[in-house]
Amino acid sequence: MTFLKINNLSVDYQMRKETVNAAKNVNIEVNKGEILGLVGESGSGKSTVGNAIINLIDEPGKVSSGSVILGDLNIHENSESIVKYRGNKIGLIFQDPQTSLNPILTVGEQLIETIQTHLKLSKEEAKNKSLNLLKEVGIKDAETRFDNYPHQFSGGMRQRVVISLALCCEPELLIADEPTTALDVSIQSQILELIKKLTKERNLAVILITHDMGVIAETADRVAVMKSGILVEIGETKKILTKPQENYTKSLVSSVPPTNKKISRFVIVEKENSDKKENNIKILNRWTKKVIIDQDLVKIKNLNKSFDDNFFTESSKNSVMAVNDVSFDIKEGESFGLVGESGSGKSTIAKMIVNLFKPSSGNIFFDNVCITEIKQRSELMKFRKQIQMIFQDPYSSLNGRLKVKDIIAEPITLHNPSISNIDLNNYIYDLLESVELTQKSADRYPHEFSGGQRQRISIARALATQPRLLVCDEPTSALDVSIQAQILNLLKDLQEQLNLTILFISHDLPVVRQMCDRIGVLKDGKLCEISNTEDLFLKPDHEYTKELLRLMPKIESIYN
Amino acid sequence: MVGEETSDEERAELRQTLGLMDPIHVQFSRFIVNASKGEFGISYQLRRPVSELIVERLPATIELVVISALIALITGTLLGVYTGINRKGFLSDFVLAVSLLGVSLPTFVIGILFIYLFAVILGILPSFGRGEVVDLGFWTTGFLTVSGLKAIILPSVTLSLFQMTYIIRLVRAEMMEILQTDYIKFARARGISENSIKYKHALKNGLIPVITIAGINIGTLIAFSIITETVFQWPGMGFLFIQAVQFVDIPIMSAYLVFIAFVFVMINFIVDILYYLIDPRIRVKGDAASG
């Protein structure tokens with residue numbers, strides 16, 4: 001039975017010069033007891049639709065036409081009355097549990113206030129109801145946790161609190177906007193299980209907004225695919241993921257890294273660069289290409305790093321061991337993957353290798369020289385030149401006040417101050433072309449580029465010093481899947497042609513499987529196991545690895 | 001301390017008794033030792049112990065500063081919240097325009113304008129002094145008489161204007177930022193009433209930085225009061241200080257400066273404690289992220 005009916009919903013953003021249609025004539029129906037997945041890349045309007053249902057759109061956007069019918073009520077009839085459905089008939093969960101709770105009110109205060117807004121209950125009754133809710137969403141010691149502030153909960157627990165807040169007035173429709181994107185896989189699966197369970201028990205209608213096809217495959221009954229504000233395709237999850245009709249859906253599905261096999265390249269269906277000539281990497285002739293000899297380029301021995309809570313007391317009591325006795329080697333020319341959940345110390349290791357952090361103890365050898373013991377700056381510069389890093393967030397890792405050519409020129413002139421201007425410019429153009437950007441990009445500023453293009457600029461900057469080791473710290477986790485596929489393809493090409501050694505850090509197992517030759521699994525600063533990629537995925541040794549693989553959302557699960 | 005007809009011997013003797021002939025480091029360490037006991041010597045001009053003078057003038061300044069701090073905090077917060085919530089609208093624009101004036105006009109100009117308007121033209125408020133004061137033994141207060149209350153209006157408003165405009169702008173910026181945050185959006189999505197969102201959820205968060213700034217500003221108020229007290233001939237410490245500067249009355253000046261430094265430190269200390277009480281994130285560090 002159709003419970004929610006969205007008819008011809010359009011949302012416009014009135015800008016100074018133009019009107020942007022964030023959603024155009026969207027028609028969606030959701031039944032009770034059903035989870036509808038709403039997928040799309042950033043800017044596709046999927047969150048806009050979610051927010052438009054309860055008319056919670058940021059200025060200057062507004063719902064310009066269409067109706068939303070809940071049961072048999074047209075809740076968009078007048079915009080004033082919609083306020084009383086918020087929280088009451090419709091619950092909303094946001095992406096980031098860190099920011100969606102008020103930091104200076106206790107969890108209990110927030111629950112009681114919400115309950116008393118909608119239900120005529122005394123404070124005592126509201127408290128009892130909240131306690132039951134907290135227990136229902138899986139929070140232990142609900143009585144003591146009731147008086148805690150949000151910052152005293154971990155990420156996953158906080159998202160449970162958020163869910164309990166969304167459900168506290170018995171809504172019949174739940175809109176979950178990327179509810180697990182900010183969480184680790186193990187917690188993600190718990191939260192998704194919780195949502196599935198609640199959907200069944202309470203006979204909820206659920207709209208699950210996400211960009212993660214794996215999550216959709218495992219949770220949603222039906223899927224709606226959106227692109228640039230338009231509903232591209234809607235249907236049963238299995239049908240959409242296995243036999244997509246529309247071109248866009250096909251390309252979206254093919255960009256998702258498969259979890260069950262290794263492919264050589266990502267298929268990019270979208271036209272884009274169809275006139276692409278042979279992949280010419282112009283910087284090749286400048287590159288002093290290393291002949292690969294079978295040796296270890298990086299050796300890491302008993303590496304430790306602790307962050308002391310207190311500056312004054314050296315006591316190890318308060319210190320957190322971010323990296324705990326980690327040793328591994330990376331062969332020249334290989335891709336080594338480091339995987340782990342947040343807090344596992346993977347980024348800390350990366351920062352120690354590029355010498356941004358000093359290890360508490362242990363040694364890092366690069367090309368058989370111990371770089372952790374170099375004291376002289378000039379000596380260290382030789383190694384900095386050979387080790388470059390690509391950061392996770394392409395928005396904050398480029399200086400917004402510098403033109404692209406200045407960004408790329410900086411490392412070049414630092415290591416080679418005598419380079420002539422003409423030579424420098426040519427080199428920059430070659431670098432840009434190698435990462436598939438035009439020469440014109442050189443004179444623009446970073447904000448004129450999209451996330452994927454920015455990450456290309458980051459790669460060009462990293463390549464500028466002709467490094468032998470490229471440390472990639474979650475290089476694609478801020479990007480959409482189709483862009484991710486392009487960037488990963490680019491990295492693979494570059495590695496092949498330039499004989500780069502790559503240390504690839506990610507929490508995303510399918511991506512790591514596609515990118516790496518060998519993988520190390522980290523947990524709480526300790527290395528659980530190192531093994532060849534295919535061995536690791538097919539027959540993992542360590543319990544934790546098995547657990548990670550089991551919990552990883554698999555797009556292929558739809559075939560079973 | 002000496003007149004025209006004082007003989008050279010007497011002058012030399014006085015120098016000796018005041019210790020002005022000793023080497024600098026001896027004089028300085030003597031000053032430190034005495035200051036730590038609360039003794040700042042004798043005013044050259046008034047020939048009375050400085051500590052006595054300060055205590056005598058203290059109530060006037062404290063009353064002035066407390067009243068202006070209250071005016072600045074209360075009106076500043078109210079107007080800041082109003083302009084932060086109603087971003088467009090005549091009243092908001094008006095308040096912001098006037099606040100710009102408050103920031104840019106120096107205190108003495110505002111003070112003189114006020115005197116001209118309310119004391120000279122309208123003749124409803126006194127232009128100088130504290131009015132009649134009641135001596136409670138340890139404290140002289142102007143709050144208990146009509147003339148005393150009337151007298152404090154102009155100086156306190158003058159003194160508070162700068163801080164008020166500062167607080168308006170700060171609260172406004174905080175409110176605007178907080179109303180955009182996810183937790184406000186989530187509160188809206190739960191159907192919490194707009195009033196509760198604005199005045200409970202948003203304002204409480206918005207006041208945290210205001211407390212820091214306001215604390216530091218109370219110190220600044222005392223410092224600024226020098227000018228206001230001079231304009232209104234207010235018999236407080238600031239006025240005493242200006243007179244001391246004119247007569248090179250070093251004991252008074254050093255005592256005043258030490259006192260101001262002490263007040264600054266105390267206020268910052270209190271602010272830190274308040275911060276701890278208000279923001280739960282500071283309160284429980286260490287046992288966070290359990291479960």
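How many residues of chain B are in contact with chain A, and how many of chain A with chain B? In this predicted model, 24 residues of chain B are in contact with 28 residues of chain A.

**The contact between the chains**

The largest share, seven residues, comes from α7(B). The residues on this side of chain B divide by type as follows.

| Type of residue | Number on the side of chain B that touches chain A |
|---|---|
| Nonpolar | nine residues |
| Polar | eight residues |

**Chain A as a whole**

Chain A contains 18 helices and 20 strands. Its radius of gyration is 26 Å, close to the 24 Å that the globule rule gives for 560 residues, so chain A is as compact as a globular protein of that length. Along the principal axes, the C-alpha atoms of chain A fill a box of roughly 75 × 60 × 45 Å. Of the 560 residues in chain A, 46% are buried. Contacts in chain A between residues at least 6 apart in sequence can also be sorted by separation: 70% of them join residues at least 24 apart.

**The nonpolar core**

The largest nonpolar core has 209 residues, and those with the most contacts inside it are A:V206, A:L503 and B:I167. Helix α6 (residues 146-178) of chain B gives the largest share of this core, 15 residues. Leaving aside residues up to four places away in sequence, A:V206 touches A:I35, A:L36, A:L174, A:A176, A:I195 and A:T199.

How values were computed
Residues are numbered from 1 along each chain as its sequence is written. Chains are lettered from A and ligands numbered from 1 in the order in which they are written. This is a predicted model: local features need pLDDT of at least 70, side-chain atom pairs count only at pLDDT 80 or more; totals for chains, interfaces and linings use all residues. A nonpolar core is a set of buried Ala, Val, Leu, Ile, Met, Phe, Trp, Tyr and Cys residues joined through C-beta atoms within 7 Å. A residue is buried if 20 or more other C-beta atoms lie within 10 Å of its own, exposed if 12 or fewer, and partly exposed in between; C-beta atoms are placed from the backbone. Helices (H or I, at least four residues) and strands (E, at least two) are DSSP runs, numbered from the N terminus. Two residues are in contact if their C-beta atoms, placed from the backbone, lie within 7 Å. Ala, Val, Leu, Ile, Met, Phe, Trp, Tyr, Cys and Pro count as nonpolar, Asp, Glu, Lys and Arg as charged, and the others, Gly among them, as polar. The radius of gyration is taken over C-alpha atoms; the globule rule is 2.2 Å times the number of residues to the power 0.38.
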